[in-house]
Amino acid sequence: MSSAPYPVDLHAHTLVSDGLRTPAELVELAAGRGVLTLALTDHDAVEGIAPARDAAARHGLELVPGVELSCDLDAREVHLLGLGIDPDAPALRELLTRAQASRRKAFLRALERLATCRVPLPEDLVERLDAQGTRALGRAHLGRALTRAGHTRSVGEAFARFLGEGAPARVIRERPSLEEAIEVVVAAGGLPLLAHPGGYAGSTFGVERLRQLKRLGVVGLELRHPAHKSQKIRAFREAALELSLLVSGGSDHHGYPGDQPPGSQGLDLEEYRPLAARLASTG
């Protein structure tokens, strides 16, 4: 068994959203690397939690049920981690139903725009994704499909040419506000934390900005993440201490080539203790 640098990884994805592994495969990989606690945080979807729980029980791994919600803050997209949620909470299910419908609508519109650009994708692409259990359709699926079809050499090129900001197949979908997302996570018994605060182009989350989010109900932030270098980690740690915010961390593993594996980013056991205590109190 290889040893991961961090035994607690609180940010990972499966093919239920835009990852490449099944929930059971993700858990098996994490356990094999020595991860003791793993949070499954698929984008706008919770259908992977039940099979991940079953796999976690077989491997002796603690699974934290979670979700990563895409929402709006001042007309910009930000992501909110909901950790320790009840995946069957009615308000959460209603929000996710809306989010998945909005994603599907945007996905289909993007397919139409790609066809107009003379880069058509397989007509059964949506059916294939549905069949594998994907519930949160997104641009990552389109980027991979464009590359497989030979229209681009990489997913990065697909975003640059067709799917990124200002590109011809970029479709802006409807998202809940950050305030609504926070309320829904809390109503589902979870803890709302800002995901990868150092990973938003054009947005800076300093102490005063984080103070504003705390007033809205954010209780913590993601400290370690592939988008955070050591300088940002130090700055966010200091901000969390100053504002009495919890800290989280994770690999944001999707299974893509070159992805960081589970446990490559996260928390050590001492760092996890305050968050674990809050999760226990809300559960």
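This is a predicted model: local features need pLDDT of at least 70, side-chain atom pairs count only at pLDDT 80 or more; totals for chains, interfaces and linings use all residues.
Residues are numbered from 1 along each chain as its sequence is written. Local features need pLDDT of at least 70 and side-chain atom pairs count only at pLDDT 80 or more, while totals for chains, interfaces and linings use all residues; side-chain values use heavy atoms, without hydrogens or water.

Let's start with the sheet. Seven strands form an open sheet in the order S1-S2-S3-S4-S5-S6-S7, with mixed pairing (strands are DSSP runs of E, at least two residues, and helices of H or I, at least four; a pair needs at least two DSSP bridges). At its edges are strand S1 (8-9) and S7, each pairing on one side only. S7 runs parallel to strand S6 (residues 220-224), joined by four bridges, and Leu221 stands opposite Val247 in S7.

Next comes the largest nonpolar core, with 63 residues (buried Ala, Val, Leu, Ile, Met, Phe, Trp, Tyr and Cys joined through side-chain atoms within 4.5 Å, buried being under 20% relative accessible area with a 1.4 Å probe, protein chains only). Strand S3 (residues 62-73) gives the largest share of this core, six residues. Leu10, Leu38 and Leu210 have the most contacts inside it. Beyond four places in sequence, Leu210 touches Leu194, Phe205, Leu221, Ala239, Leu243 and Leu245 (heavy atoms within 4.5 Å).

Definitions and conventions
Buried means under 20% relative accessible area, exposed over 50%, partly exposed in between (1.4 Å probe, protein chains only).
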